[in-house]
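Okay everyone, let me get the model up on the screen.

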Amino acid sequence: MKAPRDLLLLACIVIFGLLTQARAAEWPPISPAELALTDDPVNPGAAAILLYREVSNDNVKAIQTEYKRIKILNDEGKKFADVEIPYVDRAAKIEDIQARTVRPDGTSVNFQGQIFDRTAIKARRTRVQVKAFTLPEVQKGSIIEYSYTVRFREKGPDVLKNRKDYFVTETIALPSATWLIQDDLFTRRGRFSVRPFPGSPLQWMLKNVPGNSKPQTQADGTVVLEVENIPAFEAEPVMPPENWVKSRVAFFYVLGPPMSEYYWQLEGYREARALTSFMGDPKKLKQVVAGVVSAGDPAETQLRKLYARVQKIRYLSYERSMTEQEAKRENIKENKNVEDVLKHDYAFANEINLVLVALARAAGFESAPVRVKSRDTDFFIPELPDPGQLTAMVVWVHAGGKDYFLDPATRYCPFDLLPWAEASSAGILVTDVPIPTRPGQTNGRFVDLIATPTPASGMAVTGRKATLAIDGEGGVEGTVTVSFAGQEALERRIAARNTDETARKKALE
């Protein structure tokens, strides 16, 4: 009985060896010019250069493969031997990581070391993981190569898989793939391709892509974008968000009628209808309002009191993520509507903002949620029909003849302030009922795009006051007081919310 097992084991070893050799043979050939390259002709003295990058997205199989070939030009470039592949744990998993180091003489050594999986960011409902590994024997003149596959957990919607079975009457945009073309290294050549669902033609939007490079549709329906000589991305102080500055391309499907000037208005209607059951009937909240405001209060005073009331709600999204056992022990349940939030006295995500909308309506004010783009990561592109752009929510209230834009769901945010990332942004009013008073509309061809107020310089102030005395020997003694107001105070409070007194004192010093 032992001999057949040994034979089977030997056969497996031989087959595995053949598969390994076959996989190694799949690396694209390296030219003598790539091996001989000693410097970046466009950026002399660069640590490394990205010789070739290829990204292939298959919408049908819900996978994406990425390959990079990097030339190490000096000792500083050896840091690129440490590779990190970030991914969102709930959305995707990383498979089939392959890597090798090509020595300056052209011989190669395959990566056979350990791949570490660690948590980079952990929030209540999102966890960003990193696959990390280090390539062997990397030195000046080496070429490193690695590839991997991203397998998305969510498959494409059925309306794309079986397009002929659906009749779509409203414009619906569904994202396909978005790529940042620009890398931290100068890119000599790049190839990006996407295989779409049959019968669902792709549309795309290019931004800051140099030259005349444009996607080309192949005979099999695959769309390919080839680029050359893409400058390295260089971060600068006080620059716009990196995602906005970097060259990129976004692919998306548009089903139903073509995108019209009413697209975003209709998107606001759709979202409002989805929130109908959560918002409930404002009449049922009149008693709550009566317990917070007085009938004789001016409009702004009433609104300030309602704002202060909802900010007392426990905001679980700012707390450490609970384990299942902890949530059960505290009897944490899902909030199905605004009344649940007030009864439970805790909230998740944007529920606090929705409570303020409901209470403001119950008090007789016009009010609605406003979905905007958080401009710390990117800016809103109205021509891109992707509601996923709208990553933040604020509250619009019209009271006493004045428009207010508020965000009580941001901890420590005072009544008369919006967080920096939500100010001077644009988005949509989430309502399905006619509102006589429309807040600040943006100029452009799209109807009902809303602009949030632009902050003034006085809303972000750092004050320093010194009372000093100079002694006879030139020494200085006294007290220096530093105060923060507006955005400065808000940012510091949020950053320090999970630190102790010692850490806060050290940060101020």
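Predicted model: local features only at pLDDT ≥ 70, side-chain atom pairs only at ≥ 80, totals over all residues.

Strand 1, residues 48-58, and strand 2, residues 63-72, run antiparallel, and 10 bridges join them. As a reminder, strands of a sheet pair through backbone hydrogen bonds, either parallel or antiparallel.

So what order do the strands take in the open sheet? There are 8 of them, and the order goes 5-4-8-2-1-10-13-12, with mixed pairing. At the edges you've got strand 5 (108-110) and strand 12 (216-217). Each has a single partner strand, so one side of each is left without a neighbour in the sheet.

Okay, on to helices. Helix 7, residues 299-311, packs with helix 10, residues 351-362, at an angle of about 145°, and their axes are 10 Å apart. The crossing is right-handed. Who touches whom here? From helix 7 we have L306, Y307 and V310, and they meet I352, V355, L356, L359 and A360 of helix 10. That contact is made up of 8 nonpolar residues, with no polar and no charged ones.

Last stop, helix 11, residues 487-495. Which of its residues are buried? Those are Q487, A489 and L490. They cover an arc of only 160° around the axis, which puts them on the same side of helix 11. And what do these buried residues pack against? That would be strand 22 (460-470) and strand 23 (476-486).

Terms used: Residues numbered from 1 in each chain as written. Heavy atoms only, no water. Axes fitted to C-alpha atoms, helices over the stretch in contact; angles between N-to-C directions. Helix = DSSP H or I, 4+ residues; strand = E, 2+ residues; numbered from the N terminus. Left-handed = near helix turned anticlockwise from the far one by under 90°. Contact = heavy atoms within 4.5 Å. Nonpolar A, V, L, I, M, F, W, Y, C, P; charged D, E, K, R; others polar. Buried < 20%, exposed > 50% of the residue type's maximum accessible area, 1.4 Å probe, protein only. Arc of directions from axis to C-beta. Pairing = 2+ DSSP bridges.
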